[in-house]
Amino acid sequence: MSIADNIKSLKKETTPIKVTLVAVSKTKTAADVQQAYDAGQRVFGENMVQELVEKHEQLPVDIQWHLIGHLQSNKVKYIAPFISMIQSVDSLKLLQEINKHAEKNNRVIDCLLQIYIADEETKFGLGFDEAIELLRSEEYAGLKNIRIRGLMGIATHTENEKQIKEEYRELKTLFNGIKLSFFRKEQTFDVLSMGMSADYKLAIEEGSNMIRVGSTIFGGRIIKHWKNN
Ligand SMILES: *Cc1c(COP(=O)(O)O)cnc(C)c1O
């Protein structure tokens with residue numbers, strides 16, 4: 001199937017149940033992205049700042065770019081002017097840096113806290129306790145140019161569906177708890193980003209409303225980029 005066919009069939013699957021499809025275009029060409037765009041896709045995810053900036057310059061301005069990979073504080077400035085959502089916030093320090101550059105650009109940047117749920121050492125993210133500690137902190141309370149829209153998590157890379165479902169279920173439980181404790185009055189804490197090509201159906205069953213799908217749309221990638229962000 002072509003990129004356009006893949007987009008259309010995923011849209012058909014996700015639109016009626018209000019799940020946002022993020023097309024993960026890392027390592028793929030601007031021409032590939034354009035094909036997905038022409039099929040109606042507007043939200044794209046990248047995991048490397050330089051690649052993201054280059055594609056942003058080459059492609060239509062109404063694309064909503066999401067950063068889904070680990071972000072170094074010193075690179076925030078390159079994406080702050082245009083980024084639609086940063087899904088990979090894994091420290092207060094990074095959040096403060098994002099806030100600083102958002103302020104310089106006169107905007108509020110939507111962020112997700114990336115939560116560590118996998119049984120693997122290579123994945124970035126905050127522990128459950130760390131996320132709560134961050135949200136309780138005075139430093140966080142003072143940040144006016146970022147908005148926490150929800151949580152993101154990456155499950156263990158395993159064939160074991162039961163384990164994947166458990167990890168996603170725990171993330172959903174944390175999401176509900178945080179929503180009640182910290183965002184009771186805000187309608188905007190509403191994004192639970194979980195699920196990739198291999199496991200997005202399981203993730204949706206466990207309450208995901210944003211999936212990040214790469215290889216199912218664009219085909220396989222070279223291994224290097226696969227999980228080291
Ligand atoms: C690469 C990547 C994806 C997409 O992976 P696929 O298996 O190709 O769908 C999703 N989320 C993150 C954080 C990624 O780095």
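## Around the ligand

A polar contact is a pair of N or O atoms within 3.5 Å; within protein, one must be able to donate a hydrogen and the other to accept it, and residues adjacent in sequence count only if both atoms are side-chain atoms. In this predicted model, local features need pLDDT of at least 70, side-chain atom pairs count only at pLDDT 80 or more, and totals for chains, interfaces and linings use all residues. Residues are numbered from 1 along each chain as its sequence is written, and side-chain values use heavy atoms, with hydrogens and water left out.

Now to the ligand itself. An N or O atom in the side chain of arginine 221 sits 2.7 Å from one of the ligand's oxygen atoms. For lysine 26, a polar side-chain atom is 2.7 Å from a ligand oxygen, and serine 215 places a polar backbone atom 2.7 Å from an oxygen of the ligand. The protein buries 96% of the 390 Å² that the ligand exposes when taken alone (areas by the Shrake-Rupley method with a 1.4 Å probe).

## Two helices

Helix α6 covers residues 128–136 and helix α8 residues 161–182; their axes come within 12 Å and cross at roughly 15° (axes are lines fitted to C-alpha atoms over the stretch in contact, with angles from 0 to 180 degrees between N-to-C directions; helices are DSSP runs, H or I, of at least four residues, numbered from the N terminus). Therefore α6 is roughly parallel to α8 (an angle under 35 degrees).

Technical notes
Parallel < 35°, antiparallel > 145°, perpendicular 65-115°, else oblique.
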